[in-house]
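Keep the structure open beside the text as you read.

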Amino acid sequence: MRLLKAITIIQPWATLIAIGAKKFETRSWPTKHRGELAIHAGKKIDREACEQETIKTALAAHGYTPDNLPTGSIVATGSLSECYKARQYGLSDYVELTSNSGIKSIDGPEFVYGDYSTGRFAWEIADVQQLAEPIPAKGQQGLWNWAASGTTSE
């Protein structure tokens, strides 16, 4: 059985990644991992976030509401392509992301999908494939190893 690195993300953010609306996962810590990554939807749903217009619209376009978001399961796979350090400019919603590979900026809907405060990290997730059916799995903190038969800590 092949193991994949996985990350547990609360809802609605896990589904926003799965449907291709969210390209970056923001964290307080960096990672050196690059490559395949399973997206695990944790058991918690931030219902207040689900009511923000940008998030509500993105979810609704794919048939999701706070009441039918998958939880406690792997919802997608992708590739963690880069880890950037965030720098927010003043009170604006303009954010610069920097890494050894270059500089990117964040604005618009992507800004609403994460915490891009200065000093945080944005993990770029590419080549996302939503699973046809979520696969039940128990999540963990940090990056962890996932296999269809269960999980092992790193």
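## Around Glu110

Leaving out residues up to four places away in sequence, Glu110 touches Ala21, Lys22, Lys23, Phe24 and Tyr116. This is a predicted model, and all that follows should be read with that in mind. Glu110 belongs to helix H4, which covers residues 109-112. One of its contacts, Lys23, sits 87 residues away along the chain, yet the C-alpha atoms of Glu110 and Lys23 are separated by 7.3 Å.

Is Glu110 buried or exposed? Its relative accessible area is 9%, and the cut-off for buried is under 20%, so Glu110 counts as buried.

## The nonpolar cores

If you look for the largest nonpolar core, you will find 27 residues in it, and Leu16 and Ile39 are the ones that touch the most other members. Several elements each give at least two residues to this core: strands S1 (4-11), S3 (35-45), S4 (73-88) and S7 (121-136), together with helices H1 (13-18), H2 (47-50) and H3 (53-60). Helix H1 makes the largest contribution, with five residues.

Setting aside neighbours within four places in sequence, Ile39 is in contact with Ile7, Ile9, Ala14, Ile17, Ser73, Ile74, Val75, Ala76 and Ile125. Another core, of eight residues, lies apart from the largest one; Phe24, Ile106, Tyr116 and Ala122 are among its members. Two of these names, Phe24 and Tyr116, have come up already as contacts of Glu110.

## The overall fold

Stepping back, the protein has four helices and nine strands. Read from the N terminus, the elements follow the order β-α-β-β-α-α-β-β-β-α-β-β-β. The radius of gyration is 15 Å, close to the 15 Å that the globule rule gives for 154 residues, so the protein is as compact as a globular protein of that length. Along the principal axes, the C-alpha atoms fill a box of roughly 45 × 35 × 25 Å.

How much of the chain is buried? Buried residues make up 44% of the 154 residues. Among contacts with a separation of 6 or more, 75% are between residues 24 or more positions apart.

## Surface and charge

The accessible surface comes to about 8000 Å², and carbon and sulfur atoms account for 50% of it. As for charge, there are 16 positive and 17 negative side chains. The centres of these two sets lie 7 Å apart.

## Backbone details worth a look

The peptide bond from Gln11 to Pro12 is cis, with omega near 15 degrees, and Pro12 is found in the loop between S1 and H1. Further along, Asp127 has a positive phi, near 50 degrees, in a residue other than glycine. Asp127 has its place in strand S7 and is exposed, with a relative accessible area of 64%.

## The start of the chain

Finally, turn to Leu3, in the segment before S1. Leu3 has a relative accessibility of 46% and counts as partly exposed. How far is Leu3 from Phe121 in space? Their C-alpha atoms are 25 Å apart, and the two residues are 118 residues apart in sequence.

Terms used: Residues numbered from 1 in each chain as written. Predicted model: local features only at pLDDT ≥ 70, side-chain atom pairs only at ≥ 80, totals over all residues. Heavy atoms only, no water. Core = buried A, V, L, I, M, F, W, Y, C linked by side-chain atoms within 4.5 Å. Buried < 20%, exposed > 50% of the residue type's maximum accessible area, 1.4 Å probe, protein only. Contact = heavy atoms within 4.5 Å. Rg over C-alpha atoms; globule rule 2.2 N^0.38 Å. Areas by Shrake-Rupley, 256 points an atom, 1.4 Å probe, with all protein chains shown as cover. Lys, Arg positive; Asp, Glu negative; His and termini not counted. Charge placed at Lys NZ, Arg CZ, Asp CG, Glu CD.
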